[in-house]
Amino acid sequence: MSGFDRTWLALREPVDARSRDKALLAGVTEAIGNASRRTVLDIGCGTGSTFRALSREVGKDVRWRLFDRDPHLLDEAARRHGHELELIQGDLNEIEALPLTDVGFVTASALFDLCSKEFVHRFVDRIAEAGIGLYAALSYDGQMRWSKPHPLDEVITAIFNAHQLSDKGFGVALGPAAWEFLADRLRENGYAVRIAGSPWIMTAAEADLQRLFLAGVMRAVFEYGELDEAEIGDWADFRHRMIDREGSLCHVGHQDVLALR
Ligand SMILES: C[S@@+](CC[C@H](N)C(=O)[O-])C[C@H]1O[C@@H](n2cnc3c(N)ncnc32)[C@H](O)[C@@H]1O
């Protein structure tokens, strides 16, 4: 198990879909259309959210290869799209074993903020060597704010961002710095890089997602141990009241990166 459950991924998918930068999506579609190798590899695919975001736009002749280490998420991808996809279970850390045969383009969503500097170096070297483009969407960029402010919002955000640097299976994570670090490494390796914001704006209609997101923030802040339980509890009570009664909006910053050779 990866710790990313299907409910969380399913709740975030529609918000992810409307948040992805549209100009970059058009750029990816065009790049996949122009690639001579007709396989797209989606890494850290989960249940196939990126495939669903892109597959209707790209030609039917494109083959999709989805790669993840979590067999439960891959099972769900197989249940939903089995006949349309090649599914591979593996660990991205084994970079030399990345299945790049016939791959003209690599995609990823909500992945690179989990990764370490060392992984990004090795990964960019690998795709650069093979001359493959990359679309890396929805990396968390460290920004969180709410339409109904609370005095602890800033300190909670700072603690959450510090917690994002903990090891998520790749070594010390880049967290909010990932998108920029990735973009710089890609440029150094000769890529033309485009970046665009893809912020989540969670509305009252996404109350369930907001509650799950809050639970994740609280877990991280508890674990970090800098604020006492009563303070975290007060903040969380306030945030839940704002979701339930006031229809509070929550903004969570993300960045999309498109890198072409
Ligand atoms: C936040 S989820 C995003 C899933 C999907 N891309 C989406 O946007 O819904 C991160 C995904 O990366 C996968 N993952 C994390 N570490 C991995 C590793 N070392 N090798 C392969 N997959 C990994 C997880 O299993 C999970 O499916």
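## Ligand surroundings

A residue is near a molecule if one of its heavy atoms lies within 4 Å of it. In this predicted model, 19 residues are around the ligand, and those that come nearest are Gly 44, Asp 68, Asp 91, Leu 92 and Ser 109. By class, the shell around the ligand holds 8 nonpolar, 7 polar and 4 charged residues.

## Polar contacts and burial

Asp 91 contributes through its side chain: an N or O atom there is 2.9 Å from a nitrogen atom of the ligand. Arg 69 contributes through its backbone, with an N or O atom 3.3 Å from a nitrogen atom of the ligand. At Gly 46, a polar backbone atom lies 3.4 Å from an oxygen atom of the ligand. The protein buries 99% of the 580 Å² that the ligand exposes when taken alone.

## Packing of helices α8 and α9

Helix α8 spans residues 207-224 and helix α9 spans residues 229-246. Their axes are 11 Å apart and meet at an angle of about 170 degrees. Because angles over 145 degrees count as roughly antiparallel, α8 is roughly antiparallel to α9.

On the α8 side, the residues in the contact are Ala 207, Gln 210, Arg 211, Leu 214, Val 217, Met 218, Val 221 and Phe 222. They meet Glu 229, Ile 232, Trp 235, Ala 236, Arg 239, His 240, Ile 243 and Asp 244 of α9. Divided by class, the contact of α8 with α9 has 10 nonpolar, 2 polar and 4 charged residues.

Methods. Residues are numbered from 1 along each chain as its sequence is written. This is a predicted model: local features need pLDDT of at least 70, side-chain atom pairs count only at pLDDT 80 or more; totals for chains, interfaces and linings use all residues. Side-chain values use heavy atoms; hydrogens and water are left out. A polar contact is a pair of N or O atoms within 3.5 Å; within protein, one must be able to donate a hydrogen and the other to accept it, and residues adjacent in sequence count only if both atoms are side-chain atoms. Accessible areas come from the Shrake-Rupley method with a 1.4 Å probe; for residues, only the protein chains shown count as cover. Ala, Val, Leu, Ile, Met, Phe, Trp, Tyr, Cys and Pro count as nonpolar, Asp, Glu, Lys and Arg as charged, and the others, Gly among them, as polar. Axes are lines fitted to C-alpha atoms, for helices over the stretch in contact, and angles run from 0 to 180 degrees between N-to-C directions. Helices (H or I, at least four residues) and strands (E, at least two) are DSSP runs, numbered from the N terminus. Angles under 35 degrees count as roughly parallel, over 145 as roughly antiparallel, 65 to 115 as roughly perpendicular and the rest as oblique. Contact means heavy atoms within 4.5 Å.
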